[in-house]
Amino acid sequence: MGPVNWLGVVLAAAVAWLVNLLWHRVLFRPRRMLIASNERQPDSALSVAVILVIAAIMLGHFYARIGVDMMKAKPWLYFMQSGGLAIAFVIPAVWLTQRRSALEPMRRLLDCVGWLVVYLAMGTVFWALG
């Protein structure tokens with residue numbers, strides 16, 4: 001196992017947080033936020049940041065475990081690992097939780113695709129830092 005790229009962890013979490021912010025607050029803002037902006041929870045940005053730091057640490061460990069030589073030989077592993085983590089664990093959890101909350105299907109789909117984009121952004125940062 002190689003060393004964890006801690007710079008990659010920090011940058012991946014920061015980029016993922018910005019992508020998440022852009023996705024949910026600019027590109028696909030829920031209608032309820034347009035009507036009543038005081039419904040937003042002030043700690044949601046911090047909660048997302050903590051979750052993304054944990055995810056970035058996990059991805060950093062995955063990539064270190066695979067090894068630098070293998071990652072250079074097979075760069076698609078960055079996206080397979082990050083996207084696979086989102087598809088296998090994050091998206092089903094988000095989908096089921098929002099289904100129980102009776103959130104409309106299009107909103108669930110947008111949120112799930114958003115999380116896939118966020119995780120792929122983390123993989124892209126690790127790949128760029130190679």
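Reader: What pattern does the protein follow when it is read along the sequence?

Author: Read in that direction, the pattern is α-α-α-α-α-α. The protein has six helices and zero strands. Helices (H or I, at least four residues) and strands (E, at least two) are DSSP runs, numbered from the N terminus. This is a predicted model, in which local features need pLDDT of at least 70 and side-chain atom pairs count only at pLDDT 80 or more, while totals for chains, interfaces and linings use all residues. Residues are numbered from 1 along each chain as its sequence is written, and side-chain values use heavy atoms, with hydrogens and water left out.

Reader: Where is the kink in α5 centred?

Author: The kink in α5 is centred on isoleucine 87 and is about 40°. The bend at a residue is the angle between axes fitted to the seven residues ending there and the seven starting there.

Reader: Why is serine 82 called buried?

Author: Buried means under 20% relative accessible area, exposed means over 50%, and partly exposed lies in between (1.4 Å probe, protein chains only). Serine 82 has a relative accessible area of 0%, and therefore counts as buried. This residue is found in helix α5. Apart from residues up to four places away in sequence, serine 82 touches Leu59, Tyr63, Tyr119, Leu120 and Gly123. Contact means heavy atoms within 4.5 Å.

Reader: What makes glutamine 98 buried or exposed?

Author: Glutamine 98 has a relative accessible area of 15%, so it is buried. This residue, too, lies in helix α5. Setting aside neighbours within four places in sequence, glutamine 98 is in contact with Leu103, Arg107, Arg108 and Asp111. Other buried residues of α5 include Leu77, Tyr78, Leu85 and Val94. The cover over the buried residues of α5 includes α3 (44-66), α4 (68-73) and α6 (105-129).

Reader: What makes α5 roughly antiparallel to α6?

Author: The axes of α5 and α6 come within 9 Å and cross at roughly 155°. That makes α5 roughly antiparallel to α6. Angles under 35 degrees count as roughly parallel, over 145 as roughly antiparallel, 65 to 115 as roughly perpendicular and the rest as oblique. Axes are lines fitted to C-alpha atoms, for helices over the stretch in contact, and angles run from 0 to 180 degrees between N-to-C directions. The crossing of α5 past α6 is right-handed. A crossing is left-handed if the near helix is turned anticlockwise from the far one by less than a right angle, and right-handed if clockwise.

Reader: Why is α3 called oblique to α6?

Author: The axes of α3 and α6 come within 11 Å and cross at roughly 50°. That angle makes α3 oblique to α6. The residues in this contact include Val48, Leu52 and Tyr63 of α3, and Trp115, Tyr119 and Phe126 of α6.

Reader: How do you know that alanine 13 is buried?

Author: The relative accessible area of alanine 13 is 8%, so it counts as buried. Alanine 13 is found in helix α1 (residues 6-27). Beyond its neighbours within four places in sequence, alanine 13 is in contact with Leu52, Val53 and Ala56. The C-alpha atoms of alanine 13 and valine 118 are separated by 9.3 Å, although the two residues are 105 residues apart along the chain.

Reader: What makes alanine 102 exposed?

Author: Its relative accessibility is 66%, so alanine 102 counts as exposed. Alanine 102 lies in the loop between α5 and α6. Alanine 102 has a positive phi of about 60°, although it is not a glycine. Most residues other than glycine have a negative phi.
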